[in-house]
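My notes follow the order in which I checked them.

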Amino acid sequence: MLNETLLSLARWLDSQSWSTQIHESIYLYSWIETTHVLSLMIFLGMLCVIDLRMLGWAFDKVPASTIANRLDKPMMIGFAIMLISGFLLYYAIPVRTTQSIWFRTKVILLILAGINAFLFRAKMQASASSWDLDPIPPKRIRVGAGLSLLLWSGVVITGRAIAYDWFDCRRELPYMMYWAAGCVDEMAAFQ
Amino acid sequence: MDLYPLFEWLDTSLLADISKAYGGTFAVIQMFHLMGMALMGGMVLVGDLRLLNILLKDLPSEMVIENTHKWFGVGLTIMIMSGIFMSSAVAMKLYYNSMFAAKMAALATGIVFVYAIRKPLLAGDHTELNPWTLRIVAVTSIMIWFTVAASGRWIGFS
């Protein structure tokens with residue numbers, strides 16, 4: 001039921017002229033994708049600096065909260081650019097993307113990374129005063145930072161993999177893969 | 001100097017055998033390339049935005065540059081190693097690709113700029129340098145690495 005609804009929504013987006021125009025434009029789609037990829041340097045780059053501090057691997061003489069607070073804003077600017085450009089990329093090719101196992105995994109990882117970031121921030125704010133100046137933060141903080149790097153790496157990896165057609169619905173796949181990709185109409189991407 | 005023999009050698013190397021035989025390997029290595037880019041780009045931005053007095057203004061710029069430089073090297077190494085592997089899969093195609101040539105020129109400029117100019121210049125006390133020197137170094141650095149990343153992405157479109 002959910003897969004049918006998602007596919008209907010994707011078909012509705014696909015029927016809009018702007019979606020077609022982005023998809024068929026010679027340069028616009030490429031520029032949006034380039035923006036999406038390059039904003040990785042802003043968002044993930046800032047995140048790397050924060051997480052490396054939380055792991056005790058960089059800026060160990062600087063209070064952890066200083067690094068987290070100062071880099072939060074540019075990181076969120078990068079995230080906003082990624083979110084907008086990412087939506088436009090989805091909007092340009094909605095039907096195939098909706099039935100992509102990589103896209104679905106990416107969305108799940110995004111949600112998990114968001115939850116981890118929320119919990120991490122809460123944990124940090126509650127306890128930072130006791131370890132803020134420690135070169136190596138407590139284990140629970142390091143685990144959170146490591147998890148953050150792993151989850152966001154997963155988001156990047158699955159995001160890049162969307163372009164590959166290894167597990168597209170039109171291919172012969174194990175039933176499990178059809179289920180995971182939410183394949184409703186195997187030929188929908190060609191219609 | 002014609003680099004054709006170099007590309008031809010890469011095209012018939014063991015790396016090329018692996019990258020051509022296992023399509024999935026190329027994709028996985030490409031993902032590491034992206035992660036290296038994010039790490040390297042982040043370090044460039046944090047360091048250069050500090051030099052421009054935009055980020056981490058309350059921290060000494062010497063400390064920010066020192067901390068970011070080490071991880072910049074890690075990101076650059078990941079990018080170069082993964083980049084060589086990726087190039088081996090399509091070496092002859094890349095030889096004729098003008099965007100690849102542009103990226104390599106920008107990358108060479110970037111490496112020379114970082115290790116021959118930026119690092120030695122910023123090794124001492126930054127207050128002894130003209131503020132405009134710091135700003136010019138930062139803007140040049142951002143422009144060079146943006147060009148490397150953008151031309152790299154554009155290889156796939158050209």
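These entries cover confidence, then the interface, then the cavity search.

**Confidence.** I am working with a predicted model. For chain A I read a mean pLDDT of 91, with 97% of its residues at 70 or more. Within chain A, helix H4 (residues 64-92) has the highest confidence, at a mean of 95, and helix H8 (residues 175-181) the lowest, at 87.

**Interface.** I looked up which residues take part and found 34 residues from chain A and 31 residues from chain B in the contact. The area buried between chain A and chain B comes to about 2,900 Å², and carbon and sulfur atoms give 82% of that. On the chain A side, A:Met41, A:Phe59 and A:Arg160 lose the most area to chain B, together 21% of what that side buries. I then looked for salt bridges between chain A and chain B and got a count of two. One of them joins A:Glu33 to B:Arg153, with the closest N and O atoms 2.5 Å apart.

**Cavity.** I searched the whole structure and found one cavity of 30 Å³ or more. Which helices of chain B supply at least two residues each to its lining? I noted helix H3 (23-51), helix H4 (61-89), helix H6 (98-122) and helix H7 (131-155) of chain B. H4(B) gives the most, with three residues. The lining residues include B:Thr68, B:His69, B:Phe72, B:Arg118 and B:Trp145. By class I have five nonpolar, three polar and one charged residues in the lining.

Conventions:
Residues are numbered from 1 along each chain as its sequence is written. Chains are lettered from A and ligands numbered from 1 in the order in which they are written. This is a predicted model: local features need pLDDT of at least 70, side-chain atom pairs count only at pLDDT 80 or more; totals for chains, interfaces and linings use all residues. Side-chain values use heavy atoms; hydrogens and water are left out. On a 1 Å grid over the protein atoms alone, a cavity is a set of points where a 1.4 Å probe fits but cannot get out, and a pocket is an open set with protein on both sides within 12 Å along at least five of seven lines; lining residues have an atom within 4 Å of a point. Grid points are joined across faces, edges and corners, and a volume is the space filled by probe spheres set on the points. Helices (H or I, at least four residues) and strands (E, at least two) are DSSP runs, numbered from the N terminus. Ala, Val, Leu, Ile, Met, Phe, Trp, Tyr, Cys and Pro count as nonpolar, Asp, Glu, Lys and Arg as charged, and the others, Gly among them, as polar. pLDDT is the predictor's confidence in each residue, from 0 to 100. Contact means heavy atoms within 4.5 Å. Buried area is the accessible area (1.4 Å probe) that two parts lose on being put together, summed over both. A salt bridge is a side-chain nitrogen of Lys or Arg within 4 Å of a carboxyl oxygen of Asp or Glu.
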